[in-house]
Amino acid sequence: MNNVIKIMIYTMRDQMRHKSVYVLLGLSIIFILMIRGCYDSGYTVNGKTVDTAMVAWHVSKIVFHTIAAGMFLMVSMLSMKIFSRDRTDGNEVLFLARSVSRWQYILGRVTGTWALSLIFMFLLHLTIFVTVWVKTGTIISGYLTASLVCSINLLFVIACVCFLSLFMPDFISAFFTMGILIVGFISDGGHQIINSDIVRSAIPASTNGGPALWRILYPKVFMLQAYADAIISDSEFHIMGPFHPLLNLSFYILLIMLLMLGFYNRKEI
Amino acid sequence: MIILDSVTKKFGAFTAVDNVSYTIKKGEFFALLGPNGAGKTTIVRMLLDFIKPSSGSITINGQPASDPASRNYVGYIAEQHMIPPYLSGFEFLSRHASLIGLSGKDAEKEVYRVLEIVAMKGPERKKSATYSRGMKQRIGLGAALLGKPTVLILDEPITGLDPIGIRDVRKILENLSGKGVTVILNSHLLSEVEKTCETAAIIYKGKILIKDNITAIVKDHETLEDVFIRYIEHENE
């Protein structure tokens, strides 16, 4: 078996030994149990009965993004200590004293954490998908595809936190990455609002003038989330600039991984 | 065979290893001796590609040390061998076995073979967090012995071991003698080195002061310790 796959499997096992994974899993289960009631029928607004399927659809979209946001926090916590912990508990020497390349070690650690978080997030989204189906008989097409699309965001967060943790304290690297996400949220969120049907119909001039270059080139985590939303809603998606968020993030992930390898290759163990 | 050719390692302005060249032949038991900070561990770290030489080259069995393939048949134990606290000795060794290409029954058989050698059969399923330092060293030595390595790099392997442990390590090394295994031993315990190694080099301030057969280095009525102190004191004068 390839060394990357071996390290990936060890990473998943190692991460699952941390209590924080189970705390978050527990919180997620409680969250899902709590929102289960939202899918029960019998909503009345201003004396009119609201379609249960419609409510379920809207709630599911909100929950979809809530789960994704929670996953950002979780993967930040899981990623920030990967390299520092490996250094202190002997895992780094375990791998690198054998015929394992540094790139294999890094790739194995990053993809292992990603695979675990991807499965975790997919299971949570799948639970919502099944709950809606069972409770209302509605199948939200695109819900699971959107979950897989969002997993690219998780990979970006993991790569970013791991890279920054090579030369920053663990918490700061997670904090810094969250900062990157928040700036993107404000920038891309604004763009999405301006391009929304409501704003465009109310203020047609709002579409005039393109966004600044930095906003076009900025990591498009929020835009990818919006793209996933568009997949669920089967609605139009407005990209900012010439690049699709998937392309934008793939570029950033590749760049970060290459930089990480470059830095790590020069690191003394 | 291990070849160090004009190897220098600098950390900023400080030269940890200064133009060191030597060859360790296949099957040779070689001891690297020197006081703390002499550059012994730096050499070991360069052999394992944990750090890169500032200049010069290192080859292990004909492959550059920078090539991960050079570590295919290298076993290594660090001075204070660390084992992830959540892993048992068995799990730790199984990971090593997997990384050297063993799997399934073969891996398990090999793990139990070395557990027997290092006398760790019994507590092997307990978490390493419960192990004493000596037990961790034994497991570390077991990891180094997995897969019948052709090169063993032992950086202070008897640190933390009790007298029985020290004797066991000596016996393990004696058993490897004549089997074509090249051993590099870093140790402060000169009496042990004298018992196990054929050749030794004394390193001080990054420079090799002498490298020869121990029988040639140690003159009549002297011990290796006497020779070591004589050389270091001479350098300090």
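In chain B of this predicted model, four strands make up an open, antiparallel sheet in the order E2-E1-E4-E5. Its edges are E2 and strand E5 (63–64) of chain B, each of which pairs on one side only. Strands of a sheet pair through backbone hydrogen bonds, either parallel or antiparallel.

Strand E1 (residues 2–11) of chain B has partners on two flanks of this sheet. With strand E2 (residues 14–24) of chain B, E1(B) pairs in the antiparallel sense over seven bridges. B:Lys9 has B:Val17 in E2(B) as its bridge partner. E1(B) and E2(B) form a hairpin with two residues between them. In the turn, B:Gly12 has a positive phi of about 65°. With strand E4 (residues 55–60) of chain B, E1(B) is joined by five bridges, again in the antiparallel sense. Here B:Ile3 stands opposite B:Thr59 in E4(B). A helix also belongs to this part of the chain: helix H1 (residues 40–47) of chain B lies across E1, E2 and E4 of chain B and runs at about 65° to E2(B).

Chain B also contains an open sheet of six strands, in the order E6-E7-E8-E3-E9-E10, with mixed pairing. Strand E6 (74–77) and strand E10 (207–213) of chain B are the edge strands, each pairing on one side only. From one strand to the next, the twist averages 15°. Helix H4 (residues 133–145) of chain B packs on this sheet, where it touches E6 and strand E7 (151–155) of chain B. The direction of H4(B) makes about 170° with that of E6(B). One pair of facing residues is B:Ala200 and B:Asp212, the latter in E10(B).

How confident is the prediction for chain B? The mean pLDDT of chain B is 88, and 100% of the residues of chain B reach 70 or more. For the model, ipTM is 0.89 and pTM is 0.88.

Chain A has 12 helices and two strands. The C-alpha atoms of chain A fill a box of roughly 70 × 45 × 30 Å along the principal axes.

Two helix pairs show how elements of chain A are arranged. One pair consists of helix H7 (residues 143–165) of chain A and helix H12 (residues 245–266) of chain A, whose axes come within 9 Å and cross at roughly 25°. Because that angle is under 35 degrees, H7(A) and H12(A) are roughly parallel to each other. The crossing of H7(A) with H12(A) is left-handed. From H7(A), the contact is made by A:Ile152, A:Leu155, A:Phe156, A:Ala159, A:Cys160, A:Cys162 and A:Phe163. H12(A) contributes A:Leu246, A:Leu249, A:Tyr252, A:Ile253, A:Ile256, A:Met257, A:Leu259 and A:Met260. By class, the contact of H7(A) with H12(A) has 15 nonpolar residues, no polar and no charged ones.

The other pair is helix H3 (residues 52–80) of chain A with helix H11 (residues 221–233) of chain A. Their axes come within 11 Å and cross at roughly 150°. Since this angle is over 145 degrees, H3(A) and H11(A) are roughly antiparallel to each other. H3(A) passes H11(A) in a right-handed crossing. On the H3(A) side the contact is made by A:Lys61, A:Phe64, A:His65 and A:Ala68, and on the H11(A) side by A:Gln225, A:Asp229 and A:Ile232. The residues of the contact of H3(A) with H11(A) divide into three nonpolar, two polar and two charged.

It remains to describe how the two chains meet. In the interface, 17 residues of chain A are in contact with 19 residues of chain B. On the side of chain A that touches chain B, helix H1 (3–15) and helix H5 (91–96) of chain A each supply at least two residues. H5(A) gives the most to that side, with five residues. By class, the residues of the side of chain A that touches chain B are eight nonpolar, four polar and five charged.

Conventions: Residues numbered from 1 in each chain as written. Chains lettered and ligands numbered in written order. Predicted model: local features only at pLDDT ≥ 70, side-chain atom pairs only at ≥ 80, totals over all residues. Pairing = 2+ DSSP bridges. Axes fitted to C-alpha atoms, helices over the stretch in contact; angles between N-to-C directions. Contact = placed C-beta atoms within 7 Å. Nonpolar A, V, L, I, M, F, W, Y, C, P; charged D, E, K, R; others polar. Parallel < 35°, antiparallel > 145°, perpendicular 65-115°, else oblique. Left-handed = near helix turned anticlockwise from the far one by under 90°. pLDDT = per-residue confidence, 0-100.
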